[in-house]
Amino acid sequence: GSAKTTTAKIFREMVDPNVSPARSMPKDERDLMVMAENGWALSFDNLSYLAAWFSDSLCRLSTGGGISTRSLYTDRDEFLFNGQRPIVLNGIEELPTRPDLLDRSVLLDLPTIRKYRAERDFWRQFNAARPRLLGALLDTAVGALRNLPKVKLAEQPRMADFARLGTAVECALGLSRGTFLRAYSENRKNATAVALEASPIATLILELEK
């Protein structure tokens, strides 16, 4: 009841429209590679958990890396994907719980909808506004790329390139200096809390400290 799927579809529609914008978790790494090869952004909908192999593959895919597997019906041929893709995950449960994927994630908690509307009406209004929204995104991207060479961070956090780009976007939007890094730091604290809650050992240690 918080428009998780609709939000994920909007993210995908704005940068990489597709007839099937939100999909289920692939059955193996080969299927994930095919999805990445055929799209510029990936969106996985209504997940209950992340398999260990899927979490590891998303880490490589989100920050750039290679994934390879044997080509079908061959013994020696290799199917290789090497690249980087933005990824949207949504579900009711806390999905990323492994620290390596959490470090690469921006966590969003969507509020429960209090007043519903017909989906057809929503998409009609969204499609009418899409050209203006896309123009605003492109203007922001141009401004961020123009500002990026001038961005100097006093301290390089984890995911330093992402932090520099976020700061460049901050300047393009006219936000006060440090707005992005404060929000990013808070997000990382929340990610750490999720990782601790998912660890049975960490939970016991925290109980002992009380």
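This report covers salt bridges, a pocket and a surface patch in a predicted model.

**Salt bridges**

The count comes to 7 salt bridges.

| Pair | N to O distance |
|---|---|
| Arg60 and Glu29 | 2.6 Å |
| Asp56 and Arg98 | 3.0 Å |
| Asp121 and Arg124 | 3.1 Å |

Arg60 bridges to Glu29. Arg60 sits in helix H3 (residues 52–63) and Glu29 in helix H2 (residues 29–37), so this pair ties together parts that are 31 residues apart in sequence. Arg60 is partly exposed, at a relative accessible area of 34%, and Glu29 is partly exposed at 23%.

Asp56 forms a salt bridge with Arg98. Asp56 is in helix H3, while Arg98 is in the loop between strand E4 (87–89) and H4; the two are 42 residues apart, and the pair links distant parts of the chain. Asp56 is partly exposed at 26% relative accessibility, as is Arg98 at 33%.

Asp121 and Arg124 are 3 residues apart in helix H5, about one helical turn. Asp121 has a relative accessible area of 30% and is partly exposed. Elsewhere, a network of salt bridges links Asp103, Arg158 and Arg188.

**Pocket and patch**

The second largest pocket has a volume of about 240 Å³. Its lining includes Gly1, Ser2, Lys115, Arg117 and Trp123. Helix H5 (residues 119–147) gives the largest share of that lining, 3 residues. By type, the lining residues are 5 nonpolar, 3 polar and 3 charged.

On the surface, Phe11, Val106, Leu108, Leu110 and Phe162 form a nonpolar patch, together having about 440 Å² of accessible area. Val106 belongs to the loop between helix H4 (99–102) and H5.

Methods
Residues numbered from 1 in each chain as written. Predicted model: local features only at pLDDT ≥ 70, side-chain atom pairs only at ≥ 80, totals over all residues. Heavy atoms only, no water. 1 Å grid on protein atoms, 1.4 Å probe; cavity = no way out; pocket = protein on both sides within 12 Å on 5 of 7 lines; lining within 4 Å. Points joined across faces, edges and corners; volume = space filled by probe spheres on them. Helix = DSSP H or I, 4+ residues; strand = E, 2+ residues; numbered from the N terminus. Nonpolar A, V, L, I, M, F, W, Y, C, P; charged D, E, K, R; others polar. Patch = residues over 30% accessible without salt bridge, like charges linked within 9 Å, V, L, I, M, F, W, Y side chains within 5 Å. Areas by Shrake-Rupley, 256 points an atom, 1.4 Å probe, with all protein chains shown as cover. Salt bridge = Lys/Arg side-chain N within 4 Å of Asp/Glu carboxyl O. Buried < 20%, exposed > 50% of the residue type's maximum accessible area, 1.4 Å probe, protein only.
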